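Work through the exercises below with the sequence and the model in view. Each task is followed by a solution in steps.

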Amino acid sequence: MVRSGNARWGELFEHADVMSEGRARSETSGQFWYGTTSLILPAYDCDVPLLAAIAARDMHVRLRAIRVACREASLRAPARLGRLACEVEVKPDPRGVRIDVDVQAPLIEWSARTKAAP
């Protein structure tokens, strides 16, 4: 693990190209959301493989990417999301540093029959 300057990463995330997709699926234990968010952080004349290696090992960068993915999943899911499980992959890309975050979460369905009686 490494720790790098937070301000510079914040600037890269502000200018990131973000794409998300996902869908709900029915399983025997209920409804689940499965999705992926891909972020391309611009490299701005940096050494892309080095920047990707740092991003892969910096917990704050990974957490920032997970927060973006959680926000994107919450906007697209048909119901509130329960506890999220995420996998993060960081790699160099011709346009910069690519961060892919896979998200899985149960859907919390609010209805009259699931609410507790007073």
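**Exercise 1.** Is Cys86 buried, partly exposed or exposed?

*Solution.* The model is predicted, so local features need pLDDT of at least 70 and side-chain atom pairs count only at pLDDT 80 or more, while totals for chains, interfaces and linings use all residues. Residues are numbered from 1 along each chain as its sequence is written, and side-chain values use heavy atoms, with hydrogens and water left out.
Step 1: buried means under 20% relative accessible area, exposed over 50%, and partly exposed in between (1.4 Å probe, protein chains only).
Step 2: Cys86 has 30% relative accessibility, so Cys86 is partly exposed.

**Exercise 2.** How many disulfides does the structure hold?

*Solution.* Step 1: a disulfide is a pair of cysteine sulfur atoms within 2.5 Å.
Step 2: the structure holds zero disulfides.
Step 3: for Cys86, the nearest cysteine sulfur is that of Cys70, 4.5 Å away.

**Exercise 3.** Find the buried residues of helix H2 and say what covers them.

*Solution.* Step 1: helices (H or I, at least four residues) and strands (E, at least two) are DSSP runs, numbered from the N terminus.
Step 2: in H2, residues 48–57, the buried residues are Val48, Leu51, Ala52 and Ala55.
Step 3: these residues lie on the same side of H2, because they cover an arc of only 100° around the axis; the arc is that of the directions from the helix axis to the C-beta atoms.
Step 4: their cover includes helices H1 (6–14) and H3 (59–76), and strands E4 (85–93) and E5 (96–108).
Step 5: Val97 has contacts (heavy atoms within 4.5 Å) with residues including Val48, Leu51, Ala52 and Ala55.

**Exercise 4.** Where is Thr37, and which side chain does the side chain of Thr37 join in a polar contact?

*Solution.* Step 1: Thr37 belongs to strand E2.
Step 2: Thr37 is buried, at 3% relative accessibility.
Step 3: its side chain and that of Ser20 form a polar contact of 2.8 Å. A polar contact is a pair of N or O atoms within 3.5 Å; within protein, one must be able to donate a hydrogen and the other to accept it, and residues adjacent in sequence count only if both atoms are side-chain atoms.

**Exercise 5.** Which residue forms a salt bridge with Arg8?

*Solution.* Step 1: a salt bridge is a side-chain nitrogen of Lys or Arg within 4 Å of a carboxyl oxygen of Asp or Glu.
Step 2: Arg8 pairs with Glu11, with the closest N and O atoms 2.9 Å apart.
Step 3: both residues lie in helix H1, three residues apart, about one turn of the helix.

Methods:
Lists of a residue's contacts leave out its neighbours within four places in sequence.
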